[in-house]
Amino acid sequence: MSLDETVEVVIPLVKTITSLSFRNLNYTVNQKSTKKQLLKNISGTFRSGRLTAIMGPSGAGKSSLMNALSGFKTQGITGRILINNEVIDRQKYRQLVAYNTQHVPLLQNITVQETLHYAADLKLSSNVTRIHKTKIVNDIISLLGLEKCAHNQARVLSGGERKRLSIGLELVSNPKLLFFDEPTSGLDSESSYQVVSYLKDLAKQGRCVVSVIHQPSSELLELFDDIYVVADGRCMYQGALEDMIGTLAGAGFECPQYYNRADFAIKVASTVNTDPEKINSLMKQMESISNDQMNGFHGELNETGSEKLLNESSRRGSSPQYPISQFRQFLILTRRTALGTIRNLTLTRLRFLGHIMFGLIVGSVFYDVGDNGAKVLANISCLIMLLMFIVFSNSMTVVLTFPLEMAVFVREHKNNCYSVVAYFLSKIVADFPLMLAGVTCCQLIVYYLTGQMNETERIVMFWGICALMGWTAQMYGMVAGCICPVEVSPFVVPSSIVPMVLFSGFFIRYGELLDVYKPLTYVSHFRYGFEGLALATYGFNRTEIGCEEMFCYYRKSRKVLELLEIQNSNYWFDVAGLCVWIAVLHVLLYVSLRLRLRWTR
Ligand SMILES: Nc1ncnc2c1ncn2[C@@H]1O[C@H](COP(=O)(O)OP(=O)(O)OP(=O)(O)O)[C@@H](O)[C@H]1O
């Protein structure tokens with residue numbers, strides 16, 4: 001943990017949560033050369049069994065408070081978070097909390113029911129039976145009124161349905177603490193009322209439910225028990241809804257008759273800079289209430305036996321980080337990714353048919369050039385074309401689909417659903433077969449239509465290089481999709497691949513390069529791919545090339561190898577070069593996933 005990460009999260013060892021308190025929370029971010037304080041020594045308490053609304057003007061720090069309390073952000077945050085006045089470790093805290101952010105990313109091609117099932121598989125212990133999980137999922141579907149769309153894929157859901165599904169995802173593990181960031185944004189008044197009613201039901205069942213709410217109608221506001229108003233990163237009011245107007249009036253802010261109470265509170269909070277004296281005294285009053293509450297809880301807990309609870313929890317020992325083993329996580333994620341890929345019919349079909357179409361087009365353009373001494377240059381061009389297609393098609397499709405999956409990965413990993421290793425391995429395994437199938441079809445069509453040598457060893461060697469290039473390209477796309485923002489990666493991938501093509505040995509030979517560029521040929525995976533294909537085609541004791549003309553300059557394959565300056569090259573060296581590339585890209589992908597999580601801390 002870095003030095004500035006001094007949040008002391010006290011994760012309770014107790015089964016029943018009665019209160020979540022936070023003391024002197026500060027949240028500071030670096031902005032250019034300065035530091036900006038988003039939360040300023042803010043304190044408060046949320047009780048279970050009650051639905052609490054966090055309100056405040058835009059930019060007051062509501063989402064920042066949620067991010068800090070949910071543990072989704074840890075960098076730059078200091079202070080204490082206590083549950084039942086006990087300090088708990090971060091790991092346990094994350095297991096108790098569910099955080100529904102404003103925009104929950106969903107896997108587009110998975111249905112509502114499947115999404116909840118996968119969440120149950122990942123979040124519930126493997127001791128929970130399949131039947132029990134199905135019951136939990138069905139209960140959530142009916143609780144949230146999702147029966148009508150249970151078999152719809154996420155991409156066709158309405159805004160309200162998406163919202164309810166995202167809430168359902170948090171309910172699967174029956175968390176004790178639930179945070180929602182504007183769960184009604186984008187919903188009509190009726191859907192908003194429904195969603196907040198669900199939240200109220202959840203709170204009534206004994207959970208601690210806190211929701212940021214933006215300008216609620218009077219009817220919606222009535223559903224909340226407690227209100228927490230944030231103004232400029234500080235607490236301006238906390239307490240019961242019915243006491244709010246009285247408290248504000250006591251501080252000199254009189255609410256006009258028939259005025260919406262939420263609007264009035266936000267209006268008062270907006271005067272934080274214009275009427276600082278009155279607001280400051282209100283904030284001081286709230287701070288002293290917070291202190292009193294903390295002291296009160298401390299007494300309460302001592303009386304009701306927090307010691308007993310602590311002893312009980314230590315007997316139970318510390319719980320593992322994830323509800324299921326990493327191997328099971330890997331299996332579930334692989335299944336889910338594969339299902340998503342198969343369901344993405346447009347892209348999957350396009351990708352597969354694209355390979356076949358390309359094979360047919362290139363094969364017919366370069367028809368029968370493989371064993372023709374007069375068309376050697378055309379055959380070599382065909383090889384580089386094939387490689388370019390394999391690389392661009394496999395890297396670009398991944399680069400466009402990966403970022404959305406990344407958003408899901410970040411959310412689920414932060415929710416303690418699975419490890420980075422499990423996700424990393426599942427991603428590699430699940431995407432591999434489609435790539436291999438496409439590349440195999442494409443290269444076989446090209447190989448036969450262009451009339452290359454019909455020798456098993458050559459066919460296998462040719463296929464091996466194409467498969468390794470496809471694998472390299474796919475990994476390359478994943479790394480770029482993981483590190484770069486989605487607006488940048490479609491540019492980064494082609495523009496970084498083109499220089500590799502330049503040093504492949506096709507456009508300019510090794511001997512013709514300036515000395516300064518020569519080392520780059522060892523870095524270019526196109527060099528290994530192109531050289532490997534050329535050797536599989538013309539190397540390995542291939543002596544004569546067919547010739548239908550009177551004279552063919554490239555009658556001997558040795559001449560072709562000399563033309564390309566690869567007469568002394570070794571096919572297995574090229575295979576090794578590509579394997580090194582693949583290994584490095586795997587390491588890079590793992591590091592990028594970790595970096596991605598770090599950037600969102
Ligand atoms: N990473 C960041 N770097 C710099 N400033 C930030 C960062 N995150 C948030 N802010 C700023 O902090 C302030 C509080 O942001 P926050 O999102 O918590 O406000 P909010 O009350 O949730 O607003 P809204 O109701 O508009 O969503 C805003 O002025 C915002 O611009």
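Ala, Val, Leu, Ile, Met, Phe, Trp, Tyr, Cys and Pro count as nonpolar, Asp, Glu, Lys and Arg as charged, and the others, Gly among them, as polar. All views show a predicted model.

**View 1. The shell around the ligand has 3 nonpolar, 7 polar and 2 charged residues.** The residues around the ligand include Val 29, Gln 31, Lys 36 and Leu 38. Gly 56, Ser 58, Gly 59, Ala 60 and Gly 61 are also among them. Elements that give two or more residues are β2 (19-31), β3 (34-47) and α1 (62-70). Of the elements, α1 gives the most, with 3 residues.

**View 2. Helices α14 (residues 376-414) and α15 (residues 420-449) cross at roughly 160 degrees.** Their axes come within 11 Å. Angles over 145 degrees count as roughly antiparallel, and α14 and α15 are therefore roughly antiparallel to each other. The crossing of α14 past α15 is right-handed. From α14, the contact takes Leu 386, Ile 390, Asn 394, Phe 409 and His 413. From α15 come Val 420, Tyr 423, Met 435, Val 439, Cys 442, Gln 443 and Val 446. The contact of α14 with α15 has 9 nonpolar, 3 polar and no charged residues.

**View 3. Helix α12 (residues 326-343) and α15 cross at roughly 40 degrees.** The two axes come within 8 Å. This crossing of α12 and α15 is right-handed. On the α12 side, the contact is made by Gln 326, Gln 329, Phe 330, Leu 333, Thr 334, Thr 337, Ala 338 and Thr 341. On the α15 side, the residues include Val 421, Ala 422, Tyr 423, Leu 425 and Ser 426. Lys 427, Val 429, Ala 430, Asp 431 and Leu 434 of α15 also take part. By class, the contact of α12 with α15 has 10 nonpolar, 6 polar and 2 charged residues.

**View 4. Asp 232 has a positive phi of about 50 degrees.** Asp 232 is not a glycine. It sits in the loop between β9 (226-231) and β10 (234-240). Asp 232 counts as buried because it has 21 C-beta neighbours inside 10 Å; the cut-off for buried is 20 or more.

**View 5. Tyr 258 has a positive phi of about 65 degrees.** Tyr 258 is not a glycine either. The loop between α8 (241-250) and α9 (261-269) holds Tyr 258. With 6 C-beta neighbours inside 10 Å, Tyr 258 counts as exposed; the cut-off for exposed is 12 or fewer.

Definitions and conventions: Residues are numbered from 1 along each chain as its sequence is written. This is a predicted model: local features need pLDDT of at least 70, side-chain atom pairs count only at pLDDT 80 or more; totals for chains, interfaces and linings use all residues. A residue is near a molecule or strand if its C-beta atom, placed from the backbone, lies within 6 Å of it. Helices (H or I, at least four residues) and strands (E, at least two) are DSSP runs, numbered from the N terminus. Axes are lines fitted to C-alpha atoms, for helices over the stretch in contact, and angles run from 0 to 180 degrees between N-to-C directions. Angles under 35 degrees count as roughly parallel, over 145 as roughly antiparallel, 65 to 115 as roughly perpendicular and the rest as oblique. A crossing is left-handed if the near helix is turned anticlockwise from the far one by less than a right angle, and right-handed if clockwise. Two residues are in contact if their C-beta atoms, placed from the backbone, lie within 7 Å.
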